[in-house]
Amino acid sequence: MLQTFKMAFRDLGRNRRRSFFSALAVAIGLALLMLMSSVINGEMGNAIQSAILLQSGHIQIRAQTYDANKSSLKWEDLVENPDQIASQVAALDQVKVATPRLFASGFLSTGNESTGVQIYGIDPNSAANDPYRQGILSGSFLTADDREGLLIGKPAADKLHLKAGDQVNLSVNTSNGDVLEQTFTVRGIYTTNTYGFDVNTIFMPIAKAQAITQTQNHASTIFVLLKDSSYTDSVVAALKVSPNLKVLTWKDLNTLIVEFETMANSYIGIFFMIILAITASVIVNTLIMSVYERTREIGILSAIGMRGSRILGLFLAESSLLAVGGVIMGIIIGFLGIYLFNINGFYIGNMGITGMLVTNTIRAKPELNSIVNVIIMTFVVTLLAGLYPAVMASRMQPVEALRAEK
Amino acid sequence: MEVVKIENVTRVYQIGKVETQALRGVNLSIMNGEFTALVGPSGSGKTTLLQMIGCLDQPTSGRVIINNKDVTTLNRNQRADMRRGTIGFIFQFFALIPTLTTYENVEMPLLLNGHTAKERHERIMELLKAVDLTDRANNRPDQLSGGQQQRVAIARALSAKPSMILADEPTANLDTENGKQVMEIMQKLNQETGVTFIFATHDPRVMSYAKRIVTLHDGVIEKDSLAK
């Protein structure tokens, strides 16, 4: 066994450059797989994280009849006495914060520009709104008793040429179907680095939102953040809500992302197979060349009584050494690649997917499980690639092999 | 004792649509300890006959019996085992493994036969002494002359203590001096160890060492005579 590996090692050393480049092909293949899986992992984690923090929360409590697509404002579609329910929910151990929110649709306009917006009526004092508070670029955040102020996202502010302190007209749908118009002051401009969200979301204190939409003491939802995503099911089980309310989890609320992740994983699977196939063909090619160059040697080994299985073992030892070398190099290159990728992140601008919140910078997030998986996959594929040339060598007829030029 | 018995052996090669009869019914018996030359012009079938005896090739018809065992019925692995245990080869080209040193080349058959490190070392040193290459033990083939390489091949052929050595044109690629040296070593080993030597050649100088000369022509034995 040891002798087999010693011979295999020396055989690889005969053509060092070729062996090095073959191992490098394995290494680059593995490094790409590591980087891809880490980027996807980072990106999907980021998308879900963004969606939970900015939009869905871990859990929402809504009226049974509420239709999120219509931002319905009819009283029967809303949660009554939301503060009371929110404080009951917040009393649960695993809950970090629970706060009412009111959603309405409206129209923001200046002298000659206008844009459709989603209005978030929020409690400015709640920790749930920290992501927005931290994203203030200019001006200030809202206060609970502000009756004329609102926050606007950077892309919308750019579009309407607004800056903090400017006046803007807002038309809002009300609970009885009328449209009400009022002039507001831009208190602040925020960003969440998520174009899809920032471009059409504006904030005002929930009290003001209730007043303007005539939905006194009602909210569209109770937005709940937990101390950890894994508590979701147990909190849902613990929640006792009246029959006219329903409880939704982040999985229900982000079906698009969950579906997208499934789809991305299958595309990634195909991508992985392409990379592995290229790597495998390099190895097959190298070893086939090596078998042809050493035909006569194989004849000699066979003549002195080496069995086919042992010749097979010799060539498999070569491919396993290539695999080990390639995998070690690949791990180094892969982690280096992930590190370099994360120094600045990869800026994608507002190339988000409609309906999905994607931050403007992608970062790779290596996950032990998937890294180990791609390492094992690469190693196994390299070994399997060595199988065909090895079988070819082991099946050579000694007489014909001895007759070869080399 | 009879080490080789060839009975009505034929060998037909099919190359494209052309059939070539390399052996056309050969009968031959070789006794233990012989120093026999198979001679004849190119294409007479001597290499083919050597390959039959060496279990490297299978006859189209007839039987090849080595040490009282019919080897024509053996499968690939059994033939490999047969070669490993009872037959040593010396080829015209110096058939050494280029990545292995002199020592390791001689060691290879011993490794395949599962000898211990101590047994291997003793046997290798004994053989390298016999072929006068003790000081070249750690050189690789490309650092040796043709004559030295062929001597390593002889040492390797003998290492597993086979009952016979088959040599195919062992001196063809050597100059007169080295050829003579190689033949003298083979002759000496034959006399000292009693191992059977069968070599194919068309070199008259080699024939002069043989005790028995088997002449082949067009795939049949034309003449079988003891040397004077």
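## Strand pairing in chain B

Two strands count as paired if DSSP finds at least two bridges between them. Strand E1 (residues 2-15) of chain B and strand E4 (residues 61-66) of chain B meet that criterion, with 5 bridges in the antiparallel sense. The model discussed here is a predicted one.

E1(B) and E4(B) belong to an open sheet of 4 strands, arranged in the order E2-E1-E4-E5 (chain B) with antiparallel pairing. Strand E2 (18-31) and strand E5 (69-70) of chain B are the edge strands; each has a single partner strand, so one side of each has no neighbour in the sheet. Helix H1 (residues 46-53) of chain B packs on this sheet and touches E1, E2 and E4 of chain B. The direction of this helix makes about 120° with that of E1(B).

## Chain B as a whole

Chain B contains 7 helices and 10 strands. Its C-alpha trace spans about 50 × 40 × 40 Å along the principal axes. The radius of gyration of chain B is 17 Å, which agrees with the value near 17 Å that a compact globule of 228 residues would have.

Of the 228 residues in chain B, 47% count as buried. Among contacts in chain B with a separation of 6 or more, 70% come from residues 24 or more positions apart.

## Domains of chain A

The domain assignment divides chain A into domain 1 (2-51 + 257-403) and domain 2 (65-242). The C-alpha centres of domain 1 of chain A and domain 2 of chain A are 50 Å apart.

## Strands around E8 of chain A

Strand E8 (179-190) of chain A pairs with several strands. With E7(A), the pairing is antiparallel and runs over 7 bridges; within it, Val168(A) has Phe184(A) in E8(A) as its bridge partner. The hairpin of E7(A) and E8(A) has 5 residues between the strands, and Gly177(A) there takes a positive phi near 90°.

Strand E6 (residues 149-153) of chain A runs parallel to E8(A), and 5 bridges join the two. Strand E5 (residues 136-139) of chain A pairs with E8(A) in the antiparallel sense over 3 bridges, and the bridge partner of Ser138(A) in E8(A) is Ile189(A).

## Helix H7 of chain A

Helix H7 (residues 206-213) of chain A is mostly covered, with 6 of its 8 residues buried. The buried residues of H7(A) are Ile206(A), Lys208(A), Ala209(A), Gln210(A), Ile212(A) and Thr213(A).

These buried residues of H7(A) pack against several strands of chain A, including strand E7 (167-173), strand E8 (179-190) and strand E9 (201-205). Strand E3 (95-109), strand E4 (114-122) and strand E10 (218-219) of chain A are also among their packing partners. After H7(A) comes Gln214(A), which has a positive phi near 60°.

## Contact between chains A and B

At the interface, 16 residues of chain A are in contact with 17 residues of chain B. Helix H1 (2-14), helix H11 (295-303) and helix H14 (398-403) of chain A each supply at least two residues of the side of chain A that touches chain B. H1(A) gives the most to that side, with 5 residues. By residue type, the side of chain A that touches chain B divides into 7 nonpolar, 4 polar and 5 charged residues.

Methods
Residues numbered from 1 in each chain as written. Chains lettered and ligands numbered in written order. Predicted model: local features only at pLDDT ≥ 70, side-chain atom pairs only at ≥ 80, totals over all residues. Rg over C-alpha atoms; globule rule 2.2 N^0.38 Å. Buried ≥ 20, exposed ≤ 12 C-beta atoms within 10 Å, placed from the backbone. Contact = placed C-beta atoms within 7 Å. Nonpolar A, V, L, I, M, F, W, Y, C, P; charged D, E, K, R; others polar. Domains from an automatic or database assignment. Axes fitted to C-alpha atoms, helices over the stretch in contact; angles between N-to-C directions.
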